[in-house]
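Hi,

Here is the structure I said I would pass on.

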Amino acid sequence: QVQLVESGGGLVQAGDSLRLSCAASGRTFSSYIMGWFRRAPGKEREFVAAISRSGGGLYYADSVKGRFTISRDNAKKTVFLQMNSLRPEDTAVYYCAASGTYYSGNDYTYDYWGQGTQVTVSS
């Protein structure tokens with residue numbers, strides 16, 4: 001089991017940057033594939049990025065590729081999402097999630113979820 005808590009969201013202008021953090025509890029953080037998802041107003045939850053257990057594999061949605069970077073620090077049991085060149089369409093609640101089995105962008109493969117952090121990008 002793992003518990004996840006996101007932080008770092010806020011209100012920014014288009015073109016600005018934010019760094020989200022997800023702190024995990026438990027003793028087996030390094031055994032989980034970690035991902036970021038988001039849910040915009042009126043839309044379904046969508047995949048953003050994922051990172052493999054050791055950090056050697058990275059997977060991004062086309063909409064954020066080249067702008068966002070996912071990373072992890074297993075010693076600190078934390079996963080990060082660096083978001084650059086933010087756009088109004090990036091406005092959403094961002095969630096981190098942990099998967100014990102799959103490295104994918106499918107939300108049903110993730111076992112544990114944080115409560116989310118709000119990111120709002122003004123035009």
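Predicted model: local features only at pLDDT ≥ 70, side-chain atom pairs only at ≥ 80, totals over all residues.

There is one disulfide in the structure, a disulfide being a pair of cysteine sulfur atoms within 2.5 Å. Cys22 and Cys96 make it, with their sulfurs 1.9 Å apart. It ties together distant parts of the chain, since Cys22 sits in strand β3 (residues 18–24) and Cys96 in strand β9, 74 residues apart. The torsion about the S-S bond of Cys22 and Cys96 is about 50°, so this disulfide is right-handed.

Residues are numbered from 1 along each chain as its sequence is written, and side-chain values use heavy atoms, with hydrogens and water left out. Strands (E, at least two residues) and helices (H or I, at least four) are DSSP runs numbered from the N terminus.

Are the two cysteines buried or exposed? Cys22 is buried, with a relative accessible area of 0%, and Cys96 is buried at 0% as well. Buried here means under 20% relative accessible area, exposed over 50%, and partly exposed in between (1.4 Å probe, protein chains only).

Now for β9 itself, which covers residues 92–99. Seven of its eight residues are buried, so β9 is largely enclosed by the rest of the structure. As for its neighbours (two strands pair if DSSP finds at least two bridges between them):

- β4 (residues 33–39) runs antiparallel to β9, joined by seven bridges; Met34 stands opposite Ala98 of β9.
- β11 (residues 117–122) pairs with β9 in the antiparallel sense over three bridges, and Ala92 has Val119 as its bridge partner there.
- β10 (residues 112–113) is also antiparallel to β9, over two bridges, with Trp113 as the partner of Ala97.

The other residue I'd look at in β9 is Tyr94. At 0% relative accessibility, Tyr94 counts as buried. Leaving aside residues up to four places away in sequence, Tyr94 touches a list of residues including Glu6, Leu20, Trp36, Phe68, Met83 and Val119, a contact being heavy atoms within 4.5 Å. Arg38 is on that list too, and a polar contact of 2.9 Å joins its side chain to that of Tyr94. By polar contact I mean a pair of N or O atoms within 3.5 Å; within protein, one must be able to donate a hydrogen and the other to accept it, and residues adjacent in sequence count only if both atoms are side-chain atoms.

Cheers
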